[in-house]
Each structure stands twice: as structure tokens, then as C-alpha cells.
Amino acid sequence: MQKIAIINGPNLNLLGIREPQIYGTNNFNDYYKSLQAKNLHCTLHYFQSNIEGEIINYLHECLTEKFDGIIINAGAYTHTSIAIADAIAAINIPTVEVHISNVMAREEFRKTSFLATKCVGSISGLGLKGYELALLYFTATE
Ligand code: DQA
């Protein structure tokens, strides 16, 4: 059974309340429970932090805990954090970047992702479903 981590960055703890016209009205904890209930043939772990260094520390833990895959929505750190990008490169665990909103259809500064070049792929604009689609990348057989 693969061990997969879902990592959410800053302000994603406020999903459901935060700008619902952009991010929807569901909170992540409910969504996560529904994902777990789907029996997606993997062991899921969830981590959220508003603090850049804590996200980096958790990525390092993923290495020591031998995770098979990572799904990360680094929120605004996507567009600013070379340190998170370096951590993804350092641990060398396949990582998929997810964005709930379509970052390419928003402000210019959201079109830059420091993480993207270190990730196997990116999903953007498909709402919370993006996390499940990223999971399928890891669990679906070809
Ligand atoms: C986001 C997009 C980012 O630009 C923004 O800062 C977020 C959420 C998304 O999921 O659409 O916090 O990553």
C-alpha cells in the first residue's frame, strides 16, 4: 500500500470560509474525510501549516518516513518559496502540485510557480477534485 501525503499551505485551513467564490464552500476536513472513505488503495496522511519552515520540515519527514508520493498545495508560497521548491527537489519523492483555482486565469503573480519544475505534474482549476485526481496519478494502474 502506497503512503501518500497531502500537504496544504497557508490559508487553506480556511477553505469554506475564505473567498468562497474562488475556493468554494467546502471545508478541507470534510473533503479529506470523503477522500478517505473512498478506499483509494493508499495510506493517506494530511498536513497543513501556515508556516513555510513547518512545511519544509514536514517534507523532510516524508523522506525519513519513506512516503511514496506527495500532493502539495503550497498556497501563496507556490509563487514565492524557493526553499519549498528546494525541499521537494532534495527529498526526491514524486510530487504533484495542486491548485483549487485556475492560477493561470488569475493575477500575473500567480502564473509563476517555483514548485512546478520540481514536481512531476500540476493540476490547477479543478476545485477540490484536483486532490483526488492527483491521488489517482499515484494509485491508478496503467
Ligand atoms: C491556491 C492559489 C494560490 O495563488 C493562492 O495563494 C492560494 C490557493 C489555490 O489552491 O488555488 O492560497 O494555491
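## Loops, ligand and aromatic rings

Let's start with Thr-95, which sits in strand E4; helices (H or I, at least four residues) and strands (E, at least two) are DSSP runs numbered from the N terminus. This is a predicted model, in which local features need pLDDT of at least 70 and side-chain atom pairs count only at pLDDT 80 or more, while totals for chains, interfaces and linings use all residues. Residues are numbered from 1 along each chain as its sequence is written, and side-chain values use heavy atoms, leaving out hydrogens and water.

Thr-95 has a relative accessible area of 1%, so it counts as buried; the classes are buried under 20% relative accessible area, exposed over 50% and partly exposed in between, with a 1.4 Å probe and protein chains only. Its side chain reaches the backbone oxygen of Ile-93 at 2.8 Å. This is a polar contact, meaning a pair of N or O atoms within 3.5 Å; within protein, one atom must be able to donate a hydrogen and the other to accept it, and residues adjacent in sequence count only if both atoms are side-chain atoms.

Thr-78 is found in the loop between strand E3 (69-73) and H4. With 1% relative accessibility, Thr-78 is buried, and its side chain comes to 2.6 Å from the backbone oxygen of Gly-75.

**The ligand and its surroundings**

Which residues surround the ligand? They are Arg-18, Tyr-23, Asn-73, Gly-75, Ala-76, His-79, His-99, Ile-100, Ser-101, Val-103 and Arg-110; a residue is listed if one of its heavy atoms lies within 4 Å of the ligand.

| Side chain | Ligand atom | Distance |
|---|---|---|
| Asn-73, N or O atom | oxygen | 2.8 Å |
| His-79, polar atom | oxygen | 2.7 Å |
| Arg-110, polar atom | oxygen | 2.8 Å |

Taken alone, the ligand exposes 320 Å², and the protein buries 99% of that. Accessible areas come from the Shrake-Rupley method with a 1.4 Å probe; for residues, only the protein chains shown count as cover.

Rings of Phe, Tyr and Trp (its six-membered ring) pair if their centres lie within 6.5 Å; planes under 30 degrees apart count as stacked, over 60 as edge-to-face and the rest as tilted. By this rule there are eight aromatic pairs. One of them joins Phe-28 and Tyr-31, a tilted pair at 5.7 Å centre to centre with 55° between the planes. Both residues lie in helix H2, three residues apart, about one turn of the helix, and both are buried.

Phe-28 also pairs with Tyr-32, this time stacked, at 6.4 Å centre to centre and with 25° between the planes. Phe-28 and Tyr-32 are four residues apart in helix H2, again about one turn. Phe-28 has a relative accessible area of 3% and is therefore buried, while the value for Tyr-32 is 10%, which means that Tyr-32 is buried too.

**Two positive phi angles in loops**

Most residues other than glycine have a negative phi. His-41 has a positive phi of about 55° although it is not a glycine. His-41 lies in the loop between helix H2 (28-37) and strand E2 (42-48), and its relative accessible area of 56% makes it exposed.

Asn-92 likewise has a positive phi of about 55° without being a glycine. The loop that holds Asn-92 runs between helix H4 (82-91) and strand E4 (95-99). Is Asn-92 buried or exposed? It is exposed, with a relative accessible area of 66%.

**A leucine patch on the surface**

Leu-126, Leu-133 and Leu-136 form a nonpolar surface patch, with about 240 Å² of accessible area together. Patches are made of residues with over 30% relative accessible area and no salt bridge, joining like charges within 9 Å and nonpolar side chains (Val, Leu, Ile, Met, Phe, Trp, Tyr) within 5 Å; a salt bridge is a side-chain nitrogen of Lys or Arg within 4 Å of a carboxyl oxygen of Asp or Glu.

Leu-126 belongs to the loop between strand E5 (121-124) and H5 and is partly exposed at 47% relative accessibility. Its C-alpha atom is separated by 12 Å from that of Ala-105, 21 residues away along the chain. Leu-133 sits in helix H5 (residues 129-139) and is also partly exposed, with a relative accessible area of 38%.
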